[in-house]
Amino acid sequence: MTEFLRMGGDAAYVWSAYGITLGVMVWNVWWARRRHSKALEKARVFATADRAPKQPTVRQL
Amino acid sequence: MPLPRWFHLLGSPPFVYGFAGKLTPWLGAASFLLLAIGGYWGLVVAPTERVQGEVYRILYIHPQTAYVGMMAYVVMAVAGGIGYIWRIKLAHAVAVTAAPIGASFAACALATGAIWGRPTWGTFWQWSDPRIMSETLLLFLFLGYLALRAAFEDREKADRVSAILAVVGVVNIPVIHYSVVWWNTLHQGPSIMKVGSPSIAPEMLVPFLIMVAGFTLLFYWLLLNGLRGEIVERERDARWIRQLVEARG
């Protein structure tokens, strides 16, 4: 096991390269999920929001 | 000749949203399985390389990440072009989704390449190297695409202008691929995608190709996942989104 982790003395190169790649994969999954849930949340707020006209009316002024 | 029904369905946001939702779990599972098998095979089972020693094992991730970056660019350019010509909103949504995925994988290819270059070429980076420079240009094309989009408040305008940039930049893709053939470079020439048989031992070729398949499925999984979010973002006013969020509670 230790022999495997040492990678013949190239551990720093091999594991940092694999670590960065794994990090990029995880970031992509996280990003897609977050974007989806944020968009759904925004759509929910939009759907439940009062659809009254946003312009101020004369009375409000 | 009338177009088949499924072709029209591909332009329908609710259909694509639902279809992508059904497809993603399978894509994700298949990709995870292939990456796990290929990763184990490449790191543990595959023999040590005679000249480079163990560091060659970066071979099982570095070309794959570079290839995902290039594939993402082609998808972005083709989708952008389709959206521009036929004014299909969904095609623009695909292009936008592919950009951050491609940017992250292009950056990853540069990083893993630099790490691999240090022990094998004696340097992390070489400004005059055509392969490194064309790959760096790919990263900047992605970042430029995203920055250009961010400059527009009107999404439709952003879609159209950024699509032009994406299509023009596609000339860089064959330049990346052939840079190692056309010019003198530190980077090795192609050993898989070339005329004749691949110049790599089968014990190494099999896990290499499993990783290529795993990364390909990973890309489409990420693309479809991101596309679903992008569709919700763009179709906020549509009745089906309203029904969707109301059904979710």
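In the predicted model, the crossing of α3(B) and α8(B) is right-handed. The two elements are helix α3 (residues 62-86) and helix α8 (residues 202-234) of chain B, and their axes approach within 10 Å at a crossing angle of roughly 35 degrees. On the α3(B) side, the contact is formed by Gln64(B), Tyr67(B), Val68(B), Met71(B) and Ala72(B). Met211(B), Val212(B), Phe215(B) and Phe219(B) are the contributions of α8(B). By class, eight of the residues in this contact are nonpolar and one is polar, with no charged residue.

Between the chains, the contact involves 26 residues from chain A and 34 residues from chain B. Helix α2 (residues 11-48) of chain A provides 22 residues, the most of any contributor to the side of chain A that touches chain B. That side of chain A consists of 17 nonpolar, five polar and four charged residues.

Helix α2(A) packs against helix α4 (residues 89-121) of chain B, with the axes coming within 9 Å and crossing at roughly 175 degrees. Because angles over 145 degrees count as roughly antiparallel, α2(A) is roughly antiparallel to α4(B). From α2(A), the residues in contact are Tyr13(A), Ser16(A), Ala17(A), Ile20(A), Thr21(A), Val24(A), Trp27(A), Asn28(A) and Trp31(A). Those from α4(B) are Pro100(B), Ile101(B), Ser104(B), Phe105(B), Cys108(B), Ala111(B), Thr112(B), Ile115(B), Trp116(B), Arg118(B) and Pro119(B). The contact of α2(A) with α4(B) comprises 14 nonpolar, five polar and one charged residues.

Conventions:
Residues are numbered from 1 along each chain as its sequence is written. Chains are lettered from A and ligands numbered from 1 in the order in which they are written. This is a predicted model: local features need pLDDT of at least 70, side-chain atom pairs count only at pLDDT 80 or more; totals for chains, interfaces and linings use all residues. Two residues are in contact if their C-beta atoms, placed from the backbone, lie within 7 Å. Helices (H or I, at least four residues) and strands (E, at least two) are DSSP runs, numbered from the N terminus. Ala, Val, Leu, Ile, Met, Phe, Trp, Tyr, Cys and Pro count as nonpolar, Asp, Glu, Lys and Arg as charged, and the others, Gly among them, as polar. Axes are lines fitted to C-alpha atoms, for helices over the stretch in contact, and angles run from 0 to 180 degrees between N-to-C directions. A crossing is left-handed if the near helix is turned anticlockwise from the far one by less than a right angle, and right-handed if clockwise. Angles under 35 degrees count as roughly parallel, over 145 as roughly antiparallel, 65 to 115 as roughly perpendicular and the rest as oblique.
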